[in-house]
Amino acid sequence: MSKIRSIVTAIALASSVSAASAYEALPTKAPAPANNPTTAAKVELGRILYHDPRLSSTGTVSCASCHNTMLGGEDNRPNSMGVNGQTGGRSAATVWNSAFNKVQFWDGRAASLEDQAAGPVTNPIEMGMKSWDDVVARLKSIDGYQAYFDKAFGANSISKDSATKAIAAYERTLITPNSPYDKYAKGDKKALTEQQVRGLNKVVELGCVGCHSGPAFNGPGTFQKFPLIDNAYLEKQYKLSDDKGLYEVTKKSGDENFFKVPTLRNIALTAPYFHNGSVKTLDKAVKIMANVQLGKKLTTDEVADIVAFLNALTGEFPKQEMPVLPGTPGTTFY
């Protein structure tokens, strides 16, 4: 957890982020790690695995079930539903632009997309497979998968490592550039409405970019305490402090209620809001954030301006084609 701890220390630097950091367009390509360069064959295999519910114990849950690429990259539920109708305690984070996160999951327990891809498959509440050995055995028993793995990784390459690398490679293509804000940042000053410009200026003035900075509006890989300011009224309504966040991973005093700073990209499409999905509307989320993070009470007009700006962060979604999954003619796993 030393990496997580070092990232946490970067929070102290967040307040020094300049207003200029609010004017960065989203890159159109995501960087890939040296041990998993992006290739067309990996992306194709990853797209198939991402949409295959047979990676779950019941054959009912795929990665796409909770991270729907036909919408905002999550499932618009307070708590995502896994195998046998089970629900966890957190709202699914968007997969769109997740390649620009320094860590994955709300509590940051995965250091990469590859690490993240491995987790839900064997989580008993999510996809429910007993082990990755069982997953690999299942994939090997589906004749059509071998050719895809051979093309992407070489002969006899079906493994946990190659499967998670393929899923991560696909996820690195899920980027939504060219939002109205991106066009504005690149010099088209007519790309935002007057209200959206007011909202952007208010976001900078309030200091929101102290955490939500950079092209993905998710900061330099930092965690942040949430809620930062106690508010008994809001706590009773939304139970924001019940989940201890990073502390659940590190078990270290001082890490309570620290969470990965989420991206604001496409936030208009990803209701409900916060780690526990307790807030249904974006305007309410803006009011709460101002209150418990900044100690500010915003006017109705200020909230409307900020929400207008946040809507300008909805980008262009690359067309997604649903794959044809390799079949199991004449038999089933269930």
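In this predicted model, A25 lies in the loop that runs between helix 2 (11-14) and helix 3. A25 counts as partly exposed, because its relative accessibility is 25%. Its contacts reach well along the chain. Setting aside neighbours within four places in sequence, A25 touches D182, A185, K186, P215 and R265.

Helix 3 spans residues 40-50 and packs against helix 7, residues 143-153. The angle between the two is about 145°, and their axes are 8 Å apart. The crossing of helix 3 and helix 7 is left-handed. On the helix 3 side, the contact involves A41, K42, E44, L45, I48 and L49. On the helix 7 side, the partners are Y145, Y148, F149, K151, A152 and F153. Sorted by class, this contact of helix 3 with helix 7 holds nine nonpolar and three charged residues, with no polar ones.

The largest nonpolar core comprises 36 residues. Within this core, the residues with the most contacts are Y273, F274, I288, F309 and L310. Several helices supply at least two residues each: helix 9 (180-185), helix 10 (194-206), helix 11 (232-238), helix 13 (282-294) and helix 14 (300-311). Helix 13 gives the most, with six residues. Apart from neighbours within four places in sequence, F309 is in contact with Y181, Q196, G199, L200, V203 and F217. A second core is separate and has 33 residues. Among its members are A41, I48, V121 and M129. Two of these, A41 and I48, also take part in the contact of helix 3 with helix 7.

The cysteines were considered next. A search of the whole structure finds zero disulfides. For C66, the closest cysteine sulfur is in C63. The sulfur atoms of C66 and C63 are 8.9 Å apart, so they are too far for a bond. C66 is buried, because its relative accessible area is 15%, under the 20% limit. For C208, the closest cysteine sulfur belongs to C211. That sulfur is 8.8 Å from the sulfur of C208, and therefore too far for a bond. C208 is partly exposed, with a relative accessible area of 21%.

Methods. Residues numbered from 1 in each chain as written. Predicted model: local features only at pLDDT ≥ 70, side-chain atom pairs only at ≥ 80, totals over all residues. Heavy atoms only, no water. Axes fitted to C-alpha atoms, helices over the stretch in contact; angles between N-to-C directions. Helix = DSSP H or I, 4+ residues; strand = E, 2+ residues; numbered from the N terminus. Left-handed = near helix turned anticlockwise from the far one by under 90°. Contact = heavy atoms within 4.5 Å. Nonpolar A, V, L, I, M, F, W, Y, C, P; charged D, E, K, R; others polar. Buried < 20%, exposed > 50% of the residue type's maximum accessible area, 1.4 Å probe, protein only. Core = buried A, V, L, I, M, F, W, Y, C linked by side-chain atoms within 4.5 Å. Disulfide = S-S within 2.5 Å.
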